[in-house]
Amino acid sequence: MSTERTNSPVMLSVSDLTVAYGAITAVQNLNLEVRQGEIVTLIGSNGAGKSTTLRTISGLLKPKSGQITFEGETISGKPGHEIVKAGLCQSPEGRRIFPRMSVDENLELGAFLQKDQELIKATRERVLDLFPRLRERIDQKAGTMSGGEQQMLAVGRAMMGQPKLLILDEPSMGLAPVLVDVIFETIEKIRESGTTILLVEQNALAALRIADYAYVLESGHLKLEGYAKELADDPAIAAAYLGGH
Amino acid sequence: MTSTTASAPRASVNVGKLLTRISIVLIAAVVIYWLGRNFLDSPTQFLSVGITGLSNGALYALIALGYTLVYGIIELINFAHGDLFMLGAVFSYFFLTSFLGAEGATPRNYAMLGLTLVLAMVFCATLNVVIERLAYRRLRDAPKLAPLITAVGVSFVLQFIGLKWNGSAPRNFTTVLPQTSFTVAGVVVPWNALAIISLTIPLLLVLVTLVNKTKQGRAMRATAQDKDAARLMGIDVNKTISLVFALGGAMAGAAGLMFAQSVGTVAYNIGFQLGLIAFTSAVLGGVGNLYGAVLGGFLIGVIQGFNDGLPFGPGQKWSQTVVFTILILLMVYKPAGLLGKATTEKV
Ligand SMILES: Nc1ncnc2c1ncn2[C@@H]1O[C@H](COP(=O)(O)OP(=O)(O)OP(=O)(O)O)[C@@H](O)[C@H]1O
Ligand SMILES: [Mg+2]
């Protein structure tokens with residue numbers, strides 16, 4: 001079921017990435033790879049630098065040094081909108097939906113760079129089928145929805161951009177346990193439809209369960225990496241990152 | 001409700017509310033009496049004065065939009081905006097009157113007026129985009145005070161350009177728009193007021209449609225709400241902000257031309273006063289809200305018109321006092337402005 005890592009071409013490659021906020025270095029000499037068709041997860045405790053890494057990949061932060069390439073092209077240093085154009089969409093930490101716009105408008109913004117109206121419509125239907133709750137609230141102002149509903153919107157909105165690589169930063173945050181399962185099933189469905197996924201999750205055990213490959217970050221450094229199944233079975237990992245969840 | 005009022009005894013809260021209500025009712029009663037008595041005394045004069053007020057209000061609305069658009073997207077009170085309007089007026093004098101020699105209402109001159117309107121809009125739009133690019137963009141993540149002071153600086157720079165260009169004395173000229181009026185059922189309607197109102201309304205409609213109905217407009221609203229999230233949608237945030245400055249500038253350019261053509265005089269310092277009144281309009285309507293800027297502009301124009309032109313009232317020398325008293329009263333009772341949102345968003 002899981003893709004053999006060595007077979008697929010490299011889609012995203014992060015090499016020697018260092019990112020700093022002023023004097024504080026948040027990520028140091030990070031190397032990671034996402035291959036086509038994979039679900040890759042980045043785990044680590046609070047403040048490890050996961051969101052910083054994702055924000056840098058999406059062009060919201062400028063790296064201090066290092067290089068990021070997407071499908072062979074360097075994207076580090078490019079502005080965010082060009083990275084989206086290349087096929088990389090992100091559902092950011094904290095949802096960041098547009099609160100004063102309706103659910104529908106949020107979804108349409110997700111497809112901002114898309115030209116094919118038919119495809120937009122079809123994707124919108126797919127998103128609304130995955131999250132029927134959004135269909136019920138389609139004209140509601142996004143800012144008045146519950147946290148969980150907003151989270152679904154954030155994931156759906158990122159799907160509207162036809163990403164080749166979908167980045168999800170804590171997509172299950174604030175969701176009820178039953179909805180967490182729905183989100184993880186959804187992520188697997190998205191992958192089955194051909195989208196590659198880079199996932200950051202508090203719920204590391206669940207992430208390891210659906211992922212092919214995993215990287216573990218600790219205070220900005222890469223602590224270890226390996227096949228998700230193997231990491232999930234590693235008692236040391238379980239003790240450090242999977243306890244309590 | 002703040003924690004201090006919440007912990008205060010219930011009775012005092014109610015007394016406060018009651019006083020507020022009573023004072024609102026009293027103010028409303030005085031205003032209604034004032035307007036009603038003037039209307040009954042002389043309905044035709046009332047309407048004439050109202051039309052003049054609307055035409056001034058249209059200019060305020062056009063300028064107010066520039067404040068509100070920019071505030072809406074980067075939370076900057078662009079103090080230089082009034083001076084941009086001034087340069088629009090000076091430009092249109094030099095281009096239309098001095099360069100094209102268009103004086104007096106002839107068909108050729110009307111065509112030239114149309115051309116100058118477009119050019120004044122392009123001129124101010126370009127200038128505003130350049131100002132944002134050079135002065136404000138690099139301060140976008142700086143503490144709020146830095147761009148604010150920069151805007152004050154830009155205002156001085158623009159005034160200086162106006163001073164060098166137009167000279168220190170006001171310049172009088174013959175306008176293309178006729179300075180005469182016509183009478184309908186006893187109501188005197190100045191031609192230039194009619195021209196301004198009928199030029200402004202389509203501009204306002206185009207702008208509102210652009211912001212609310214087009215893809216670029218949606219990008220503007222998204223950028224206003226969350227810049228990083230907008231970037232993640234593939235929106236070019238810098239380009240979008242430039243577009244907002246262009247739109248605001250274009251409205252100021254149009255207002256500049258219409259102002260010059262309605263009063264027949266331009267001076268390097270007209271930006272300060274009109275800018276201040278337009279800014280007041282934006283705040284009155286709820287800064288950041290497009291409809292608020294339009295409503296605020298027309299309201300202040302009409303109030304000023306009534307105040308200055310009605311036989312029974314405070315009169316012109318109280319004009320500014322009345323406008324700012326209204327602003328202060330509104331800020332006390334409704335700090336977010338008439339159409340502003342007082343509540344914070346759920347995060
Ligand atoms: N805007 C900022 N300015 C300064 N420091 C920041 C900023 N954002 C994050 N940091 C710091 O960078 C480090 C990494 O933060 P980051 O948000 O990437 O962590 P994370 O792994 O996503 O954590 P979490 O699991 O809590 O989301 C933290 O020490 C954090 O305090
Ligand atoms: Mg994070």
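Start by selecting helix α1 of chain A, residues 50–57, which gives the largest share of the shell around ligand 1, three residues. Helices here are DSSP runs of H or I with at least four residues, and strands are E runs of at least two, numbered from the N terminus.

Before going on, some housekeeping. This is a predicted model, where local features need pLDDT of at least 70 and side-chain atom pairs count only at pLDDT 80 or more, while totals for chains, interfaces and linings use all residues. Residues are numbered from 1 along each chain as its sequence is written, chains are lettered from A and ligands numbered from 1 in the order in which they are written, and side-chain values use heavy atoms, with hydrogens and water left out.

**Stop one: ligand 1**

Now show the 13 residues around ligand 1 (a heavy atom within 4 Å counts as near). Which of them come nearest? Pick out A:Gly47, A:Lys50, A:Ser51, A:Thr52 and A:Glu93. By type, the shell divides into three nonpolar, seven polar and three charged residues, with Gly counted as polar.

A backbone N or O atom of A:Gly47 sits 2.8 Å from one ligand oxygen atom. For A:Ala48 the distance from a backbone N or O atom to an oxygen atom of ligand 1 is 3.2 Å, and a polar backbone atom of A:Gly49 is 2.9 Å from a ligand oxygen. Switch to a surface: the protein covers 62% of the 640 Å² of accessible area that ligand 1 has on its own (Shrake-Rupley, 1.4 Å probe).

**Stop two: where the chains meet**

Colour by chain and select the contact: 27 residues from chain A and 21 residues from chain B, with heavy atoms within 4.5 Å. About 2400 Å² is buried between the two chains, 58% of it from carbon and sulfur atoms (accessible area, 1.4 Å probe, lost on being put together and summed over both parts).

How many salt bridges cross this interface? The rule finds five, taking a side-chain nitrogen of Lys or Arg within 4 Å of a carboxyl oxygen of Asp or Glu. Zoom in on A:Glu105 and B:Arg221, whose closest N and O atoms are 3.0 Å apart.

Select A:Arg55 and B:Asp228, which meet in a salt bridge at 3.2 Å, N to O. B:Asp228 lies in helix α9 (227–232) of chain B and A:Arg55 in α1 of chain A, so this pair joins two chains.

Definitions and conventions
Polar contact = N/O pair within 3.5 Å; in protein donor to acceptor, adjacent residues only side chain to side chain.
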